[in-house]
Amino acid sequence: EQIKKGSYDHFMQKEIHEQPHSLTTTMRGRLKDSGVLLGGLKEKEYLKTIRRSRRVVFIGCGTSYNAALAARPIVEELTGIPVTMEVASDLLDRQGPIYREDTAVFVSQSGEKADTLLALDYALENGALCVGITNTVGSTLSRRTHCGVHINAGCEIGVASTKAYTSQIVVMVMLALAVGSDQISTQARRQTIISGLSSLPSNVSEVLKLDSEMKELASSLIDSESLLVFGRGYNYATALEGALKVKEVALMHSEGMLAGEMKHGPLALVDENLPIIVIATRDACFSKQQSVIQQLLSRKGRLIVLCSKGDTSAVCPSGSCRVIEVPEVADCLQPVINIIPLQLLSYHLTVLRGFDVDQPRNLAKSVTTQ
Ligand code: AGP
């Protein structure tokens, strides 16, 4: 049943709209009043070993890497353990240092990507505790890691990863909650995130109502040569992932950029023609993003601003930007909400530009070679 398109035209479209359900199954049986229960980490006191590690290293490719990047700040905040990020192929190219005292967390929808599996072999050789986060029960990743968590998002057919991305983020937020559960000082914060997780599927249903607005936005961008996406903090990953979706399926050049780097080069690209999406939902970086918007507008930038509901005039007092309003949720869960309009945008852009949605040119779901 899962591998039929049902009433949808494409698997990618179905998988985008399925997210309230896939997120529910990701969390099923794992959220408790007292905290989070991750069965795959219960055995052999793995949680204690992670707590004692000197560093957490997140390793993945493409969308899976972006999901880990989205979760990085909350893992650092709730566990106090430094987190470093590794693109699997780059770790291998550099033969970067991995130590026995590290926890290496491998993120992969398929659990079969060659780069990620080779990086896993490398981390195992170097004695790190290896944790797998995958959608595929029985995959090489789930068999070869010491322990792990299945994301339970259901089968993902579209080459462009959508529902796996949001479920991966949720699993890593739950991982942060579980590892950090021994810290009294963060108890109230953890409780807020747990209730945010419970209401996440209904907020995702809400944001999916933007579908026709995103189709209309797509039709205004159909002939653009390029699209920039600026994000920071929790939503730097959203910028990278939104841009990856646009280039991967809509075959349009797109770059996700760290808004804090804007003045160090990208600003030179800004003119009245280049469309720029700025992610400016409410979190600790909000006022910095307001000032980014002002700087872009003063260079006559063509802006599309993604903001929290009711913030249209706070992000664009001049009224000269196109605004997409999304529900506000806990900061570390906001990337789950914010990526959805960008998934919808890339889907509609692809259809309108006449490209193959589920089988993008030159790409395959399983990259089993390096
Ligand atoms: C996502 O839309 C891409 N198809 C690609 O970046 C993918 O996420 C990457 O190849 C990693 O795949 P994995 O999650 O199966 O390891």
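Trainee: Where is Gly310 found?

Mentor: In this predicted model, Gly310 sits in the loop between β11 and α13 (312-315). The C-alpha atoms of Gly310 and Val326 are separated by 9.0 Å, and these two are 16 residues apart along the chain.

Trainee: What makes Gly310 count as buried or exposed?

Mentor: We count the C-beta neighbours inside 10 Å, and Gly310 has 10. The word "exposed" applies at 12 or fewer, so Gly310 counts as exposed.

Trainee: What is the phi of Gln95?

Mentor: Gln95 has a positive phi of about 50°, although it is not a glycine. Gln95 belongs to the loop between α5 (88-94) and β5 (102-108). With 9 other C-beta atoms within 10 Å, Gln95 is exposed, because the cut-off is 12 or fewer.

Trainee: Why is Leu267 called partly exposed?

Mentor: Leu267 has 14 C-beta neighbours inside 10 Å. Buried needs 20 or more and exposed needs 12 or fewer, so Leu267, with 14, counts as partly exposed. Leu267 lies in the loop between β9 (253-258) and β10 (275-280). Leaving aside neighbours within four places in sequence, Leu267 is in contact with Met262 and Arg299. Leu267 and Gln295 are 28 residues apart in sequence, and 9.0 Å apart in space from C-alpha to C-alpha.

Trainee: Let's turn to helices. Why are α4 and α8 called roughly parallel?

Mentor: Helix α4 (residues 62-79) and helix α8 (residues 163-179) pack at an angle of about 20°, with their axes 8 Å apart. Angles under 35 degrees count as roughly parallel, and therefore α4 and α8 are roughly parallel to each other. The crossing of α4 past α8 is right-handed.

Trainee: Which residues of α4 and α8 meet?

Mentor: Thr63, Ala67, Ala71 and Leu78 are among them in α4, and those in α8 include Tyr165, Ile169, Met172 and Val179. By class, the contact of α4 with α8 has 15 nonpolar, five polar and no charged residues.

Trainee: What makes α11 roughly parallel to α14?

Mentor: Helix α11 (residues 236-249) and helix α14 (residues 334-353) pack at an angle of about 15°, and their axes are 9 Å apart. That angle makes α11 roughly parallel to α14, because the limit is under 35 degrees. Their crossing is right-handed. Among the residues that meet are Ala237, Glu241 and Lys245 in α11, together with Ile339, Leu342 and Gln343 in α14. The contact of α11 with α14 has seven nonpolar, six polar and two charged residues by class.

Trainee: How do you know which word describes α9 and α14?

Mentor: Helix α9 (residues 187-208) packs with α14 at an angle of about 25°, their axes lying 9 Å apart. Under 35 degrees is again the rule, and α9 and α14 are therefore roughly parallel to each other. The α9 and α14 crossing is right-handed. Leu200, Asn203, Val204, Val207 and Leu208 of α9 make the contact with Val336, Ile337, Ile340 and Pro341 of α14. The residues of the contact of α9 with α14 divide into eight nonpolar, one polar and no charged.

Trainee: Now the whole chain. Why is it called as compact as a globular protein of that length?

Mentor: The protein chain has 14 helices and twelve strands. Its radius of gyration is 20 Å, close to the 21 Å that the globule rule gives for 370 residues, so the chain is as compact as a globular protein of that length. The C-alpha trace spans about 55 × 45 × 40 Å along its principal axes.

Notes:
Residues numbered from 1 in each chain as written. Predicted model: local features only at pLDDT ≥ 70, side-chain atom pairs only at ≥ 80, totals over all residues. Axes fitted to C-alpha atoms, helices over the stretch in contact; angles between N-to-C directions. Helix = DSSP H or I, 4+ residues; strand = E, 2+ residues; numbered from the N terminus. Parallel < 35°, antiparallel > 145°, perpendicular 65-115°, else oblique. Left-handed = near helix turned anticlockwise from the far one by under 90°. Contact = placed C-beta atoms within 7 Å. Nonpolar A, V, L, I, M, F, W, Y, C, P; charged D, E, K, R; others polar. Rg over C-alpha atoms; globule rule 2.2 N^0.38 Å.
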